[in-house]
Amino acid sequence: MQVVNLFRRNWWAILYFNFKMLPFRQAVKFPFDFYGAIRFQSLRGKVELNGQVRRGQFQFGRFQYEIFHKEPTIITIDGLWKFNGSVMCMGIGSQIEIHENAIFEMGEDIVFGARARIFIRKNVVLQNHIRFSWEVQLFDSNFHFMRNIETGMIPYINKSVFIDDHCWIGNRTTINKGTRMPAYSILAGGSMTNKNYAKDGKTHLTLAGCPAKIVAEGYERIFETEEEELCNQLNEREYKENI
(Lines give C-alpha, C1' and ligand atoms only; values in the text may rest on other atoms or scores of the structure.)
Protein backbone atom coordinates (compact mmCIF):
# COMPACT_ATOMS: atom_id res chain seq x y z
CA MET A 1 0.00 0.00 0.00
CA GLN A 2 1.35 3.44 -0.93
CA VAL A 3 1.85 5.73 2.08
CA VAL A 4 0.00 8.61 0.37
CA ASN A 5 -3.06 6.42 -0.12
CA LEU A 6 -2.89 5.27 3.51
CA PHE A 7 -3.20 8.85 4.73
CA ARG A 8 -5.79 9.88 2.13
CA ARG A 9 -8.15 7.10 3.13
CA ASN A 10 -11.24 8.26 5.00
CA TRP A 11 -11.31 5.62 7.72
CA TRP A 12 -14.46 6.97 9.34
CA ALA A 13 -16.38 6.73 6.05
CA ILE A 14 -15.02 3.22 5.41
CA LEU A 15 -16.19 1.90 8.77
CA TYR A 16 -19.50 3.74 8.80
CA PHE A 17 -20.65 2.91 5.27
CA ASN A 18 -19.65 -0.75 5.20
CA PHE A 19 -21.23 -1.64 8.52
CA LYS A 20 -24.33 0.47 7.98
CA MET A 21 -25.15 -0.65 4.44
CA LEU A 22 -24.00 -4.29 4.31
CA PRO A 23 -24.65 -7.54 6.17
CA PHE A 24 -21.93 -8.23 8.74
CA ARG A 25 -20.36 -11.08 6.73
CA GLN A 26 -19.78 -8.66 3.83
CA ALA A 27 -19.00 -5.56 5.90
CA VAL A 28 -16.03 -7.17 7.67
CA LYS A 29 -14.30 -7.52 4.29
CA PHE A 30 -14.56 -3.73 3.74
CA PRO A 31 -15.41 -3.82 0.02
CA PHE A 32 -16.14 -0.06 -0.03
CA ASP A 33 -13.08 2.18 0.12
CA PHE A 34 -13.29 5.97 0.54
CA TYR A 35 -10.64 8.64 0.02
CA GLY A 36 -10.63 12.32 0.90
CA ALA A 37 -13.72 14.26 1.92
CA ILE A 38 -16.92 12.17 1.83
CA ARG A 39 -20.42 13.44 2.59
CA PHE A 40 -23.31 11.02 3.08
CA GLN A 41 -26.45 13.09 2.52
CA SER A 42 -28.74 10.12 3.14
CA LEU A 43 -28.28 6.37 3.46
CA ARG A 44 -31.90 5.33 3.93
CA GLY A 45 -31.82 2.98 0.93
CA LYS A 46 -30.09 -0.34 0.30
CA VAL A 47 -26.86 -1.65 -1.21
CA GLU A 48 -26.80 -5.13 -2.72
CA LEU A 49 -23.61 -7.00 -3.59
CA ASN A 50 -23.95 -9.96 -5.94
CA GLY A 51 -20.88 -12.11 -6.39
CA GLN A 52 -17.45 -12.18 -4.83
CA VAL A 53 -16.75 -9.70 -2.04
CA ARG A 54 -13.22 -8.56 -1.29
CA ARG A 55 -11.33 -5.68 0.28
CA GLY A 56 -11.46 -2.31 -1.50
CA GLN A 57 -13.17 -3.43 -4.69
CA PHE A 58 -15.38 -0.31 -4.83
CA GLN A 59 -13.43 2.93 -4.53
CA PHE A 60 -14.61 6.52 -4.14
CA GLY A 61 -12.57 9.73 -4.27
CA ARG A 62 -9.22 8.18 -5.18
CA PHE A 63 -9.15 8.57 -8.95
CA GLN A 64 -7.82 11.85 -10.45
CA TYR A 65 -7.30 13.58 -7.10
CA GLU A 66 -4.03 14.98 -8.51
CA ILE A 67 -6.08 17.14 -10.92
CA PHE A 68 -9.29 17.88 -8.99
CA HIS A 69 -7.99 18.00 -5.43
CA LYS A 70 -9.88 18.64 -2.18
CA GLU A 71 -13.36 18.23 -3.64
CA PRO A 72 -15.85 16.16 -1.59
CA THR A 73 -17.66 13.12 -2.90
CA ILE A 74 -21.37 13.33 -2.07
CA ILE A 75 -23.51 10.20 -1.82
CA THR A 76 -27.27 9.89 -1.37
CA ILE A 77 -28.84 6.43 -1.40
CA ASP A 78 -32.59 6.39 -0.81
CA GLY A 79 -33.27 3.66 -3.39
CA LEU A 80 -31.36 0.50 -4.33
CA TRP A 81 -27.77 0.33 -5.57
CA LYS A 82 -26.96 -3.11 -7.03
CA PHE A 83 -23.38 -4.18 -7.71
CA ASN A 84 -23.25 -7.21 -10.01
CA GLY A 85 -19.50 -6.93 -10.67
CA SER A 86 -16.38 -6.85 -8.55
CA VAL A 87 -14.67 -3.58 -9.57
CA MET A 88 -15.91 0.03 -9.56
CA CYS A 89 -14.08 3.34 -9.20
CA MET A 90 -15.60 6.82 -8.89
CA GLY A 91 -13.36 9.88 -9.19
CA ILE A 92 -12.95 12.66 -6.70
CA GLY A 93 -15.62 15.35 -6.38
CA SER A 94 -18.40 13.16 -7.77
CA GLN A 95 -22.02 13.28 -6.69
CA ILE A 96 -24.53 10.44 -6.83
CA GLU A 97 -28.17 10.52 -5.81
CA ILE A 98 -30.42 7.45 -5.99
CA HIS A 99 -33.99 8.52 -5.35
CA GLU A 100 -36.50 6.53 -3.32
CA ASN A 101 -37.83 3.57 -5.38
CA ALA A 102 -35.06 4.07 -7.99
CA ILE A 103 -32.59 1.33 -8.93
CA PHE A 104 -28.97 1.80 -10.00
CA GLU A 105 -27.51 -1.44 -11.37
CA MET A 106 -23.84 -1.84 -12.26
CA GLY A 107 -21.84 -4.65 -13.84
CA GLU A 108 -18.12 -5.41 -13.86
CA ASP A 109 -15.27 -2.91 -14.21
CA ILE A 110 -16.97 0.50 -14.21
CA VAL A 111 -14.85 3.65 -13.91
CA PHE A 112 -16.09 7.23 -13.48
CA GLY A 113 -13.70 10.16 -13.79
CA ALA A 114 -13.72 13.11 -11.41
CA ARG A 115 -16.78 15.32 -10.90
CA ALA A 116 -19.34 12.84 -12.19
CA ARG A 117 -22.96 13.85 -11.58
CA ILE A 118 -25.39 10.94 -11.37
CA PHE A 119 -29.04 11.53 -10.45
CA ILE A 120 -31.40 8.58 -10.67
CA ARG A 121 -35.18 8.77 -10.27
CA LYS A 122 -36.21 5.53 -12.02
CA ASN A 123 -33.63 3.04 -13.32
CA VAL A 124 -30.12 3.10 -14.73
CA VAL A 125 -28.30 -0.04 -15.87
CA LEU A 126 -24.60 -0.06 -16.68
CA GLN A 127 -23.27 -3.33 -18.07
CA ASN A 128 -19.57 -4.29 -18.05
CA HIS A 129 -16.25 -2.58 -18.84
CA ILE A 130 -17.49 1.00 -19.19
CA ARG A 131 -15.37 4.14 -18.89
CA PHE A 132 -16.72 7.60 -18.08
CA SER A 133 -14.34 10.54 -18.39
CA TRP A 134 -14.46 13.50 -16.00
CA GLU A 135 -17.45 15.84 -15.52
CA VAL A 136 -19.99 13.45 -17.02
CA GLN A 137 -23.68 13.95 -16.19
CA LEU A 138 -26.08 11.02 -16.12
CA PHE A 139 -29.81 11.67 -15.60
CA ASP A 140 -32.85 9.44 -16.08
CA SER A 141 -35.25 12.31 -15.43
CA ASN A 142 -36.23 15.81 -16.56
CA PHE A 143 -36.89 16.52 -12.84
CA HIS A 144 -39.73 18.98 -13.54
CA PHE A 145 -43.15 18.38 -15.10
CA MET A 146 -44.32 20.35 -18.14
CA ARG A 147 -47.88 20.87 -19.40
CA ASN A 148 -48.93 21.25 -23.03
CA ILE A 149 -51.04 24.40 -22.93
CA GLU A 150 -53.19 23.27 -25.87
CA THR A 151 -53.92 19.64 -24.92
CA GLY A 152 -53.32 19.77 -21.20
CA MET A 153 -51.11 16.68 -21.53
CA ILE A 154 -48.35 16.27 -18.95
CA PRO A 155 -45.66 13.83 -20.20
CA TYR A 156 -43.72 11.43 -18.00
CA ILE A 157 -40.45 12.89 -16.81
CA ASN A 158 -38.59 9.65 -15.94
CA LYS A 159 -37.30 7.05 -18.40
CA SER A 160 -34.70 4.31 -17.92
CA VAL A 161 -31.10 4.52 -19.14
CA PHE A 162 -29.16 1.49 -20.41
CA ILE A 163 -25.48 1.43 -21.41
CA ASP A 164 -24.16 -1.83 -22.81
CA ASP A 165 -20.71 -3.45 -22.54
CA HIS A 166 -17.41 -1.77 -23.43
CA CYS A 167 -18.71 1.76 -23.95
CA TRP A 168 -16.48 4.82 -23.66
CA ILE A 169 -18.12 8.07 -22.53
CA GLY A 170 -16.17 11.28 -23.20
CA ASN A 171 -15.63 14.21 -20.86
CA ARG A 172 -18.37 16.78 -20.16
CA THR A 173 -21.05 14.70 -21.79
CA THR A 174 -24.68 14.50 -20.68
CA ILE A 175 -26.61 11.24 -20.79
CA ASN A 176 -30.32 12.00 -20.54
CA LYS A 177 -33.39 9.90 -19.85
CA GLY A 178 -34.29 7.25 -22.41
CA THR A 179 -30.71 6.78 -23.60
CA ARG A 180 -29.76 3.28 -24.77
CA MET A 181 -26.21 2.83 -26.00
CA PRO A 182 -25.22 -0.40 -27.77
CA ALA A 183 -22.06 -2.35 -26.94
CA TYR A 184 -18.66 -0.94 -27.95
CA SER A 185 -20.01 2.56 -28.49
CA ILE A 186 -18.01 5.77 -28.11
CA LEU A 187 -19.58 9.09 -27.07
CA ALA A 188 -17.49 12.12 -28.03
CA GLY A 189 -16.70 14.78 -25.43
CA GLY A 190 -19.28 17.53 -24.99
CA SER A 191 -22.10 15.48 -26.52
CA MET A 192 -25.62 14.84 -25.24
CA THR A 193 -27.68 11.67 -25.68
CA ASN A 194 -31.45 11.41 -25.35
CA LYS A 195 -32.75 8.39 -27.30
CA ASN A 196 -32.35 4.71 -28.16
CA TYR A 197 -29.23 4.32 -30.33
CA ALA A 198 -29.43 0.52 -30.13
CA LYS A 199 -32.78 0.07 -31.90
CA ASP A 200 -31.19 -1.01 -35.21
CA GLY A 201 -29.16 -3.75 -33.55
CA LYS A 202 -25.80 -2.20 -34.50
CA THR A 203 -22.75 -2.03 -32.24
CA HIS A 204 -19.44 -0.12 -32.44
CA LEU A 205 -21.09 3.27 -32.98
CA THR A 206 -19.33 6.59 -32.54
CA LEU A 207 -21.77 9.27 -31.38
CA ALA A 208 -21.22 13.02 -31.32
CA GLY A 209 -23.21 16.23 -31.11
CA CYS A 210 -26.00 17.81 -29.10
CA PRO A 211 -28.19 15.87 -29.46
CA ALA A 212 -25.81 13.08 -30.42
CA LYS A 213 -25.93 11.43 -33.84
CA ILE A 214 -24.01 8.54 -35.34
CA VAL A 215 -20.88 9.99 -36.98
CA ALA A 216 -18.85 6.79 -37.51
CA GLU A 217 -19.09 3.03 -37.20
CA GLY A 218 -16.63 0.21 -36.64
CA TYR A 219 -14.43 1.68 -33.89
CA GLU A 220 -13.94 0.49 -30.32
CA ARG A 221 -11.82 1.59 -27.39
CA ILE A 222 -8.90 -0.61 -26.41
CA PHE A 223 -9.19 -1.21 -22.67
CA GLU A 224 -5.90 -1.23 -20.78
CA THR A 225 -7.29 -3.66 -18.21
CA GLU A 226 -7.99 -6.23 -20.90
CA GLU A 227 -5.11 -5.67 -23.35
CA GLU A 228 -2.30 -4.32 -21.20
CA GLU A 229 0.56 -5.70 -23.32
CA LEU A 230 -0.89 -4.24 -26.51
CA CYS A 231 -1.36 -0.83 -24.87
CA ASN A 232 2.27 -0.83 -23.70
CA GLN A 233 3.40 -1.56 -27.24
CA LEU A 234 1.19 1.19 -28.64
CA ASN A 235 2.55 3.72 -26.14
CA GLU A 236 6.09 2.85 -27.19
CA ARG A 237 5.07 3.28 -30.81
CA GLU A 238 3.72 6.76 -30.08
CA TYR A 239 7.06 7.97 -28.75
CA LYS A 240 9.22 6.25 -31.33
CA GLU A 241 7.27 6.69 -34.54
CA ASN A 242 4.91 9.65 -34.13
CA ILE A 243 7.41 12.43 -34.86
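Biologist: How many aromatic pairs does a search of the whole structure find?

Modeller: The search finds 21 aromatic pairs. Keep in mind that this is a predicted model.

Biologist: Why is the pair of F19 and F24 called tilted?

Modeller: The ring centres of F19 and F24 are 6.0 Å apart. The cut-off for a pair is 6.5 Å, so the two rings pair. Their planes stand at 45°. Stacked needs under 30 degrees and edge-to-face needs over 60, so this pair is tilted.

Biologist: What makes F34 and F40 edge-to-face?

Modeller: The angle between the planes of F34 and F40 is 85°. The label edge-to-face applies over 60 degrees. Centre to centre, the rings are 5.5 Å apart.

Biologist: Are F34 and F40 buried or exposed?

Modeller: Both F34 and F40 are buried. That puts each of them under 20% relative accessible area.

Biologist: Which aromatic cluster includes F34 and F40?

Modeller: One cluster holds both, along with W12, Y16, F17, F32, F58, F60, W81, F83 and F104.

Biologist: Why is F24 called exposed?

Modeller: F24 has 59% relative accessibility. Exposed means over 50%, so F24 counts as exposed.

Biologist: And why is F19 called partly exposed?

Modeller: The relative accessible area of F19 is 37%.

Biologist: What kind of patch do F19 and F24 form with L15 and V28?

Modeller: L15, F19, F24 and V28 form a nonpolar patch on the surface. Together they have about 390 Å² of accessible area.

Biologist: What makes R221 count as lying over the face of W168?

Modeller: R221 is 5.0 Å from the ring centre of W168. The distance cut-off is 6 Å, and the direction must be within 35 degrees of the ring normal. R221 also lies over the face of F223, at 5.2 Å from that ring centre.

Biologist: What is the strand order in the open sheet of six strands?

Modeller: The order is β3-β6-β9-β12-β15-β18, with parallel pairing.

Biologist: Why do β3 and β18 stand at the edges?

Modeller: Strands β3 (46-49) and β18 (180-181) each have a single partner strand, so one side of each is left without a neighbour in the sheet.

Biologist: How do you know that β6 and β9 pair?

Modeller: Strands β6 (residues 80-83) and β9 (residues 103-106) share four bridges in the parallel sense. A pairing needs at least two. In this region K82 stands opposite E105 in β9.

Biologist: What pairs with β12?

Modeller: Strands β9 and β12 pair over four bridges, and β12 and β15 pair over three bridges. M106 stands opposite L126 in β12. V125 stands opposite F162 in β15.

Biologist: What makes both faces of β12 covered?

Modeller: N123 and V125 on one side are buried, and V124 and L126 on the other are buried too.

Biologist: Why is H144 called exposed?

Modeller: H144 has 61% relative accessibility, and the cut-off is over 50%. So H144 counts as exposed. H144 is found in the loop between β14 (137-139) and β15 (161-163).

How values were computed:
Residues are numbered from 1 along each chain as its sequence is written. This is a predicted model: local features need pLDDT of at least 70, side-chain atom pairs count only at pLDDT 80 or more; totals for chains, interfaces and linings use all residues. Side-chain values use heavy atoms; hydrogens and water are left out. Buried means under 20% relative accessible area, exposed over 50%, partly exposed in between (1.4 Å probe, protein chains only). Patches are made of residues with over 30% relative accessible area and no salt bridge: like charges are joined within 9 Å, nonpolar side chains (Val, Leu, Ile, Met, Phe, Trp, Tyr) within 5 Å. Accessible areas come from the Shrake-Rupley method with a 1.4 Å probe; for residues, only the protein chains shown count as cover. A salt bridge is a side-chain nitrogen of Lys or Arg within 4 Å of a carboxyl oxygen of Asp or Glu. Helices (H or I, at least four residues) and strands (E, at least two) are DSSP runs, numbered from the N terminus.
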